[in-house]
Amino acid sequence: MGAFQEFEIVRSFSLPVFLVPFLPFIASIITLIFGKRYFPERPYILPVSALFLSFILSLYLLFEVLSGKIYQFDLFTWISAGNLKVGLGFLVDPLSVMMLCMVTSLSFLIHVYSIGYMKGDPGYYRFFAYISLFTFFMLMLVLSNNLVQLYLGWEGVGLCSYLLIGFWYEKKRASDAAKKAFIINRVGDFGFALGIFAVFYYLGTLYYDEIIPKLSVLKDVYLGIGSYEVHVPFLIAFLLFCGAMGKSAQFPLHTWLPDAMEGPTPVSALIHAATMVTAGVFMVARLHALFEMSEYAMAMVAFVGAFTSFMAATIAITQFDIKRVIAYSTLSQLGYMFMACGVGAFAVGMFHLFTHAYFKALLFLSAGSIIHALHHAVDPNDIRIMGGLRKYMPITFVTFLIAGLAISGVPGFAGFFSKDEILAHAFFSKYPWGKFIWLIGIIIAVMTAFYTFRVFFKAFFGEFRGREALHGHEPHESPKVMTIPLIIISIGAIFSGWLGIPEVLGGGAHFQKFLEKVVGHPELVGVDHTVEYFLMAISVLAGILGIGFAYLIYVKKPALETLGPSKFPRIYRFLYRKWYFDELYHYLFVVPTFWLSRTVVNLILDTFIIDHTVNGSARTTETSANLLRKVHTGLINHYIWFILFGIIIYLIYYIYIR
Amino acid sequence: MDLNHLVFYYLALGMTIPGILAVISRNPVHAVLWVLVLILHQALLLYTLGSEFLTAIQIIVYAGAVLVLFLFIVYMINLRLEERWKVFVRRSGIGLILIFIFVFLLFKTISVFLALVPAFKPKLPYDLAQASNLVWIARYLFTHYLLQFELIGVILLIVVLGAVFILKKLQEVKNDSF
Amino acid sequence: MIPFEYYVYLSLLLFCIGLVGVMLRRNLIILLVSLEIMMNALIVLFSAISRYSNDTTGYVVVFFLIALAAAEAGVGLSLVVLLYRSLKKIYTEDINYYRG
């Protein structure tokens with residue numbers, strides 16, 4: 001990579017890099033095999049300590065990269081066929097080391113949190129085995145130095161996501177959600193695999209450091225499909241982006257993420273908010289040069305992101321399940337990241353990914369803390385039975401507030417800096433759709449603040465409404481093992497944004513500078529500072545406006561709450577049923593499949609063809625078995641005779657006939 | 001006929017005759033002991049082929065471990081004489097015919113195989129006079145075949161665990177007064 | 001120097017001796033012993049190939065073969081002991097559960 005000139009590239013094996021992913025792997029395997037039998041009470045010891053070591057090692061690697069080193073080496077050659085060579089290798093550069101620190105730190109804290117959250121669950125050991133296996137695959141994804149290994153991690157995290165969504169597999173809704181997530185991801189991954197094939201077909205290599213310099217070859221390559229000429233970079237970018245749409249739950253493959261909330265809350269926090277779903281953004285940033293080659297690809301990324309973000313924000317306003325609201329908010333924020341990528345500000349997108357991981361994980365874990373407190377209720381996720389929890393759970397109250405302020409973009413908190421950077425870069429983008437993206441972004445910012453604080457006010461203010469649902473149990477603050485991780489993450493949710501304070505506010509934008517060498521970063525040159533201050537004021541105002549609306553409706557005048565649904569019932573129902581996407585997909589894909597299987601397959605194929613074939617084959621088998629059982633003497637020696645007989649027949653064929 | 005040939009013939013006889021005796025002996029103890037003779041001769045043969053390391057391994061692993069294990073099991077089972085010697089002789093006709101056909105066919109194909117040998121391309125040329133080929137074996141084992149080497153270790157581990165597990169499970173079954 | 005064919009013939013001879021044992025003997029222990037003889041035939045062949053083509057790979061294969069032979073003997077003998085303990089039989093014609 002051209003931009004790596006100022007780095008010293010280490011090409012030999014490095015133990016810390018190897019240990020970072022493999023420690024959780026070993027811990028996971030040991031826990032999975034021996035956990036139930038030998039330490040069912042404390043299966044968390046190995047995964048938590050492995051994750052802690054990984055975290056320390058990633059900090060060490062961070063300092064190594066900061067001092068100007070890049071690790072790029074292959075552990076061994078994995079696949080070698082013709083000129084296809086794929087190794088199991090590692091690449092540690094600013095981009096991956098940043099993801100590394102984020103994944104290991106959050107995973108460690110969420111492991112600790114789960115000690116309290118999952119206590120007493122029959123699958124206690126299984127949970128820790130799966131979640132550290134997930135961490136292993138995520139780290140492999142992040143550390144990969146070629147596309148095939150990225151794909152390995154990609155599928156691996158998909159698998160672990162499946163296992164963890166369906167963790168309570170005896171609940172039908174959970175196992176259905178797991179299947180849905182897996183199947184919808186297949187659609188995206190199919191495109192992703194095609195994209196990898198296309199990269200290899202056109203460029204002849206799968207290593208990042210060889211792909212990037214070779215990209216200019218594709219500049220004027222077109223592929224004829226029918227009567228259309230498709231620009232090959234756009235085609236590859238589109239196929240790869242299909243995978244990103246599946247994994248990062250962008251429209252039209254977004255429907256699995258809200259359902260995935262059936263899994264345990266720490267899983268939602270780690271997998272479906274902080275790490276796995278951001279893999280798509282990570283991939284786009286990793287291959288940003290490819291996307292930048294085609295204007296259409298950039299527009300596709302930007303508009304898919306903007307549409308998803310807008311749609312998810314509107315849906316989140318109407319939902320009552322606390323985790324679903326946060327899930328839709330995740331969708332919306334992921335859309336935000338893609339919007340940033342789509343206007344060419346990849347470093348800023350990654351910055352938002354980084355800050356979002358902390359405050360969204362915090363939001364989820366605080367919600368998990370509330371759910372834990374209300375677990376006696378039939379549906380502890382329902383915000384209608386909450387209320388007034390401020391008194392009962394002060395720590396959760398504070399952490400939820402911090403997360404809410406961060407996501408709403410209140411100055412000083414992490415979300416403010418990253419969101420503001422995205423909006424500024426959208427506004428000053430060289431792409432023509434930048435201004436439009438900026439406008440959408442502002443609208444979404446209002447809605448984001450509104451729905452977050454809607455949940456916040458409903459849960460923590462007013463009177464406690466869940467007395468009947470709890471059968472007389474009082475809600476209580478969670479144990480220390482859960483609140484301490486919450487407090488630590490809330491520090492991250494405040495200060496992670498301070499790493500990248502933009503220059504206009506007197507900061508150094510260190511974060512963006514750090515990533516600039518890998519993903520590039522458009523400078524805001526010749527931009528008037530007053531305009532920038534003005535934009536900043538608008539985005540802050542948008543956040544405050546949303547919070548104010550929420551305060552007005554849910555605290556000051558609760559009567560207003562029913563006003564919206566009663567005035568515009570149709571729109572409300574449209575939003576409440578999630579834009580009817582589930583129903584649409586049901587009628588488009590599920591119903592025809594069922595119809596096809598019931599009528600065509602069941603009636604015609606089954607009765608006529610298959611039944612007769614089966615009965616006939618059974619009869620054939622019976623007669624031939626009666627003949628052949630005479631050969632089957634059960635004597636070991638005779639089996640050797642048969643083997644020898646086979647060899648003799650082959651040799652006769654080989655010598656005399658061929 | 002020089003000394004090399006003499007040594008080779010001696011070793012070949014020292015391997016085939018004990019082999020035949022091992023296969024036809026009635027007493028398993030004798031069979032195992034004949035195989036021991038075979039293996040010692042084979043170790044010498046490996047030495048003439050220029051590999052002292054494999055000679056040592058052959059003696060240590062085969063003679064020292066595997067055959068001792070066999071002897072141990074034979075004594076443990078305590079079945080000295082095979083009573084069914086006659087069965088062995090009576091039914092051998094078809095088997096022997098098959099083997100003769102097999103040998104005949106192999107001799108036919110062996111010329112193809114022999115023609116291949118000069119075409120083998122040495123990967124790392126070495127001179128036996130210069131250094132022990134142990135160096136080369138080690139170099140190969142720890143670089144090119146490292147994965148396979150580790151896998152062999154895993155296989156041996158699994159064997160140990162499997163043997164222990166099989167016999168332990170049996171005891172459990174017995175305790176349940178099966 | 002001894003011609004390469006001699007080694008091939010020797011190896012073939014040993015292999016057939018082992019084969020006769022495996023095919024005709026009914027005693028499980030002698031069966032395993034015969035398997036070891038067949039394994040030794042391979043060892044001779046591989047080391048001869050290695051010597052005559054001036055390539056160490058054959059020796060490495062022999063190394064692996066010896067290790068595998070040890071593993072095979074371990075598993076085989078533990079199965080024999082298992083059979084003997086539970087059935088008191090080690091003749092293959094008595095152990096024919098799977099007769100058709």
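Tutor: Residues are numbered from 1 along each chain as its sequence is written, and chains are lettered from A and ligands numbered from 1 in the order in which they are written. In this predicted model, local features need pLDDT of at least 70, side-chain atom pairs count only at pLDDT 80 or more, totals for chains, interfaces and linings use all residues, and side-chain values use heavy atoms, with hydrogens and water left out.

Student: Why is the pair Glu262(A) and Arg173(A) called a salt bridge?

Tutor: A salt bridge is a side-chain nitrogen of Lys or Arg within 4 Å of a carboxyl oxygen of Asp or Glu. For Glu262(A) and Arg173(A) the N to O value is 2.8 Å, so the pair meets the definition.

Student: What makes Glu262(A) count as buried, and what is Arg173(A)?

Tutor: Buried means under 20% relative accessible area, exposed over 50%, and partly exposed in between (1.4 Å probe, protein chains only). Glu262(A) has 12% and therefore counts as buried, while Arg173(A), with 55%, is exposed.

Student: Which parts of chain A does this pair tie together?

Tutor: Glu262(A) lies in the loop between helix H9 (256–259) and helix H10 (265–274), and Arg173(A) lies in helix H6, so the parts tied together are 89 residues apart in sequence. Helices (H or I, at least four residues) and strands (E, at least two) are DSSP runs, numbered from the N terminus.

Student: How do you know that Lys85(A) and Asp74(A) form a salt bridge?

Tutor: Their closest N and O atoms are 3.7 Å apart, and the limit is 4 Å. Lys85(A) is in strand E3 (residues 84–92) and Asp74(A) in strand E2 (residues 69–81), eleven residues apart. Lys85(A) has a relative accessible area of 42% and is partly exposed; Asp74(A), at 29%, is also partly exposed.

Student: What joins Glu155(A), Arg186(A) and Asp189(A) into one network?

Tutor: Salt bridges that share partners do. One of the salt bridges in the structure is between Glu155(A) and Arg186(A), at 2.4 Å from N to O.

Student: Why is Arg126(A) said to have no salt bridge?

Tutor: The nearest side chain of opposite charge, Asp121(A), is 5.5 Å away, and a salt bridge needs 4 Å or less. Lys and Arg count as positive and Asp and Glu as negative; His and the chain ends are not counted. Arg126(A) is buried and sits in helix H4 (residues 124–143). Not counting residues up to four places away in sequence, Arg126(A) touches Phe167(A) and Tyr169(A), where contact means heavy atoms within 4.5 Å.

Student: What makes a set of residues a nonpolar core?

Tutor: The members are buried Ala, Val, Leu, Ile, Met, Phe, Trp, Tyr and Cys residues joined through side-chain atoms within 4.5 Å. The largest core has 227 residues, of which Phe241(A), Met350(A) and Ile370(A) touch the most other members. Helix H15 (residues 346–373) of chain A gives the most to this core, 19 residues. A second, separate core of 81 residues includes Tyr7(C) and Leu12(C).

Student: How many residues line the largest pocket, and which lie nearest its centre?

Tutor: The lining has 47 residues, with Arg173(A), Ala177(A), Asp259(A), Glu262(A) and Arg324(A) nearest the centre. H6(A) gives the largest share, eight residues. On a 1 Å grid over the protein atoms alone, a pocket is an open set of points where a 1.4 Å probe fits, with protein on both sides within 12 Å along at least five of seven lines; lining residues have an atom within 4 Å of a point.
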